[in-house]
Amino acid sequence: MNTRQKMAALAVVGLGLSLTACGTAEGDSTYPSGAVELVIPWDAGGSSDLAARLFGSHLEDALGTTVTAMNIPGANGAQGWADLAASEPDGNTIGLITYDILTNQAMDPSATQLDELDFLMQFEEQPLALYVHSEGDFQSVDEIVEADRQVTFGTSGLGGVFHQGAGLLAQSVDREFSYVPFDGSGGQLTAMVGQHVDAIVISPTAPQQYVEDGTLLMLAVFADERSEAFPDVPTFQELGYDVPAHSSFRGIAAPKGLDDEVRTTLVEALKETYDSPEFQTKAEDLELQLTYLDSEEFTGQLNTMAPTVAELLTNLGLTE
Amino acid sequence: MPTSDLDPDNALDTTDPEASGQLGWQLVLPLGFLVVGTMILVASTQFPDTAAAVTAPGLYPGIVSVVLIVASLLSIGELFAVRRRRTEPAAPVTAVTDEERRDSRRTWARAVTVTVLSALYVVVTPYAGFVVTTFLYCFAISLLLRDRSVRGVVGAALIAGGLVAAAYYGFAVGLHAPLPKGVLF
Amino acid sequence: MDFGQVLGEVLNPASMLWIMVGVLAGLLVGVIPGLTATVAIALLVPLTFNLDPLHSLLMLTGIFSGSMYSNSITSITLRTPGNPAGAVTILDGYPLALRGEAGRAVGLAAWASVVGGLLSVIALTFLAPPLASIALEFSPAEYFAVGLLGLTTVIAVSGRSVPRAVVATAFGLLIGTVGMDPLVTQSRFTFGQRELTTGIPFLPAIIGLFALAEVFRLAGERHLGSRAVATIGRVLPTRQDLRRTVRPISLGSVIGILVGILPGGGGAMASFLAYGESKRYSRHPEEYGKGSIEGLTAADSANNGVTGGAMVPLLTLGIPGDAVTAVMLGALMVQGIQPGPRLFAGGGDLVYPLFFGMFLANILMFVVAMALAKPLASIAMVPYSILLPGIAMFSFVGAFAATGRVYDLWVALAFGFIGYLMNKFDYSIAAVALGLILGPIIESNLRRGLVMSGGDWSIFVSRPISLGVILLAAALLVFTVVQQRRRRANAEFLVE
C-alpha cells in the first residue's frame, strides 16, 4: 500500500475529523480565496457528474484551492444553471455546462438563457451515432427510412440530446418516428439490447462493447467527417442523407460579470487542468472525448446551435 | 400508531373514541382527499391536445383520481354507517376531574406549540440560517418536555447545542453535505 | 484464476482494510437520516480515484451493504427512515422498539440483512449471466405488470378499512404525478407553483410522513413519560427467533435478488413485496404492523438481497440498475474498467475476487453490527426531551441534505401534517409510501408500452411474462381477500 492509498484510507476513516481543516482559509483579497464551488446540475453518479468531479479534482491542483462539487439536480439541469447564474460572480462558483442548456432555453423562456452565463471553456465533445440490433428488423439506415411501419426509437429522456438526434434524422428524411423515453441512457441501452425498441441514437461510449461482440450495429455517425475512433462507420452524408452534425458536449461556465483579473486566473487554471497529463490519462480511462474550445469558440458554437435546436424542438412538437 | 389489518382481531373498534367520536374531525381527511381528487381530475381533462394522444398526460392521473374520489366517498359513507350502527355512547361516561381537564389542556397546547414551531422553523431558516434557527427550535421543543426550573432550561440549552453541533459537524463539515444557509449567516 | 488466487487477492491486509473502511463508512452514513447509499457512495467516489480497482470496488460494495443495513437502526429506534426502504422496516421495527425490544429488532435486522446479502452474493457468483438475461427480457409491459403486482402489497399494510386503504394508495400514486410529465412536455398539477414542476421529492415526503408525524403525535400524547422505554432487551437473536424467521428471510432474500436485478427496482420496492408476500404465508399475519419479527426480517433481508442482485446487470451488461450502481459504474470507469460482457469474458480477474470480497464484507458487517447493536439500539431509550427535538431536527436536515432546497423542508413539513392526520384517523401511511414508490414505475411504463404498441392496450397481455405477472397479481388479490374473509368469518363465529 503506497502513501497515497494510506492517505485516502485515513481520509475515509476519519471522515469527520480530517476534513474539518479544509476550506476555511479566507482573508486576503487575491483570487482564489477559499474553496471554489463547482455546480453540477445533475444527480450524483451520472456520467456528467463523474466527468465534472474528475475535472474538479484536477482543477484543485491548478487553482491551488479546494474545489467542492455541489449537485443541484432538477428540471433537466435548469435548477442548477439558474442557481449558477444567480450566484455571486467572484469566481468562487463555477458550473458544469452540458448540451441540455440549449434545450432548456428553447423549451422554456424562463430558463437560464445563454447570455446570463460566461462560458469559459469546453473540455469534451462526443458526436452521436445511430445503432440497431443485429437481429432486429432494420439493418441499415435505408431500411429504417423506408420502413413501412412505425419505427420506435428509444431515448434517454424526453427532449434530451439523444431524442433530438433521432429527431434530426426524422426531420431530414421527412418522416415521423415514435420515441420511447427511458430513465437515462442506461435504460435506453437496455431496451435496445433487449430488442424492445427498433433503434437508438446515443453517444458511443456505452454501446461500444455491444458493437464489438456483434449484438448491436453502429450504422452512422452524426458528424461531418468520420470519427477517428470509429473509422469504419460512415457519416450520414456518405450514405446520402443530409443530416447535420450533432454532438453532446461538456464545458465550464461562471456567472456573468467576473472581474477581469479573476477571469484570467480562472481561464488559465482551466486550460492548465485540461492540459495536465494526469487529467488526460484519467479522462481517457473514463472514455471522455476530450476536445478543447476556448471561451470565445465555445460561446460562438453555443450561439450557432441555439436556433437549430429551437427549430428542431418545434418540429418535434416539444415547444409550446 | 396505525394498527394494521383487515384481520379479525382488528375488526372495527367502535369503542375507540378517536375512531368514533367527533364526526366533524373525522370528515377532514376524506373531504380533503375528495377535494384533491376532484382538482386533479379536473386538471387532467384540461391538458392541451397534443399529437401524442396515445400518451395523454391526463390519462393515468385521471384514472387514479377517479379511484381516489370513489374511495373517499366510500370512506365517508363508512363513517356514517359506523355512527348509525352505534346506538349507545361508546365509552362509559366517567366524570372528568379538574386535573384531567388541565392535563388535557396542557397536552393540547404542547401539540399545537410543536406544530407551530415546526412551521415557523421552515419559514425562518432561509433568513436566519441553520445554526441559530435550529438551536432555538430544538431548545423550545426540549423545554416543553422539561421542568421549567433553572436545571431544566440549562439542560434544554445543552441538548439543543449538542444536537446542532452534531448536525453541523456531521453534515456540513464532515460530509460536505448542504445545510440550509440563511441571509444572515 | 483458481480459487487460491482469489483468496490471495482478498485475504491480505490491504484488501481487508478497504472492505472494513467501506463497511464502517456505510454503517456510519446509513444511520444518518437523508444520507442514502447513493449519496454516500457519490461522496466517497473521488477518494477511490487513487485506489487500485479491486480495492475501490471492495470499499464501494462495503458501503452499499453497510448502509443498507444500518438505515434500519434509525427506522427501528427513531421511526426516521434513512432511505426509502426504511419505510417498510418501520412498520414492525418501531413497534418492537416501543415494546422494549429494540435490541431484538436491531439484532434480527442485522441477521436478516447479512443472510440476504450473502445469498445475493452467492446468486451473483453462480447465476449472474442467466439472471442478466431476465433483465433484458423486461420491456415496459413487464415493468408495468410488476408495478401492478407491487400494488397488491397494499393489503398487507392497509388499515382496518378497505376504502381508506384505497384512498391512501391512490393519494400516494397521485403525488407521484405532480411535476413534469415523463413523456410529453407538460407540467402537471403544479397549480402555478414553479417549484412543484420538479415534482414532490420522495425522501422528504417519506421522512415527513413517518418521522415528523411521529414528533407531532408524541407532542400531543397525554401521558408522555420521560422516555419511550427503559429497556432494549437482548440483542443476540434467540434460537427460537432464528427458527421462526427462516421462512420470511429466505422469501425476502429471493425477492430482493430478483427485484435487484431489474433496472429501476430498488430496495424499497423489494422490501414492500417481501413484506406483503411473507405476511401472506405467515402463521401469524395478525402480528404484522404490531411488531412482527417475520415482517421485519422479510423486509430487511429483501433490502440487502438487492445489493447482490443490483450488481448483476451492472457487471454482466454494463448497465446500472439503480442510482447506487450507476455511481459504481462511474467509479469503475474512472479506473479504466468497462463492465459488461467483456468483463466476464476476460477471465474474471477482477470479478471473482470482488465476489469473494462482497461475501466477506457481509460477514464483517454482521460482526461489526452485533458489536455495535447494543449502543445503537439504546437510542430507543433516549429521553423524550432529547429525542423529540432530535428527530425533528434530523427530519429537516435529512430532507434538506439530498438536494439542498428549502422547498424540501416545506415538503417534509406538509407531509408531517398529513401523516399525523392519517395516523390519527387510521389511514395507512405505508400505503401512501407504496403509492409513491410504485406510481412512477406504473405510469411511465404504462405509457411507454402504449407508445411502443401505437396505443394498443393488448401489449400488456400479449407478452407471456407480462401476462403471467398480471394473472399472478390478480390471483394473489383474490386469494388474499378470500382468505381474510374466511378468517374474519371464523373470528366472528368464535366471538358469538
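The model examined here is predicted, with local features needing pLDDT of at least 70, side-chain atom pairs counting only at pLDDT 80 or more, and totals for chains, interfaces and linings using all residues. Residues are numbered from 1 along each chain as its sequence is written, chains are lettered from A and ligands numbered from 1 in the order in which they are written, and side-chain values use heavy atoms, leaving out hydrogens and water.

In chain C, helix H4 (residues 53-78) packs with helix H17 (residues 351-377) at an angle of about 30°, their axes lying 9 Å apart. H4(C) and H17(C) are therefore roughly parallel to each other. Their crossing is right-handed. In contact terms (heavy atoms within 4.5 Å), the H4(C) side includes Leu54(C), Leu57(C), Gly62(C) and Tyr69(C), and the H17(C) side includes Pro353(C), Met358(C), Asn362(C) and Met365(C). The residues of this contact divide into 13 nonpolar, 7 polar and no charged. Here Ala, Val, Leu, Ile, Met, Phe, Trp, Tyr, Cys and Pro count as nonpolar, Asp, Glu, Lys and Arg as charged, and the others, Gly among them, as polar.

Also in chain C, the axes of helix H10 (residues 202-219) and helix H18 (residues 384-401) come within 10 Å and cross at roughly 160°. That makes H10(C) roughly antiparallel to H18(C). The contact residues of H10(C) with H18(C) comprise 13 nonpolar, 2 polar and no charged.

Definitions and conventions: Axes are lines fitted to C-alpha atoms, for helices over the stretch in contact, and angles run from 0 to 180 degrees between N-to-C directions. Helices (H or I, at least four residues) and strands (E, at least two) are DSSP runs, numbered from the N terminus. Angles under 35 degrees count as roughly parallel, over 145 as roughly antiparallel, 65 to 115 as roughly perpendicular and the rest as oblique. A crossing is left-handed if the near helix is turned anticlockwise from the far one by less than a right angle, and right-handed if clockwise.
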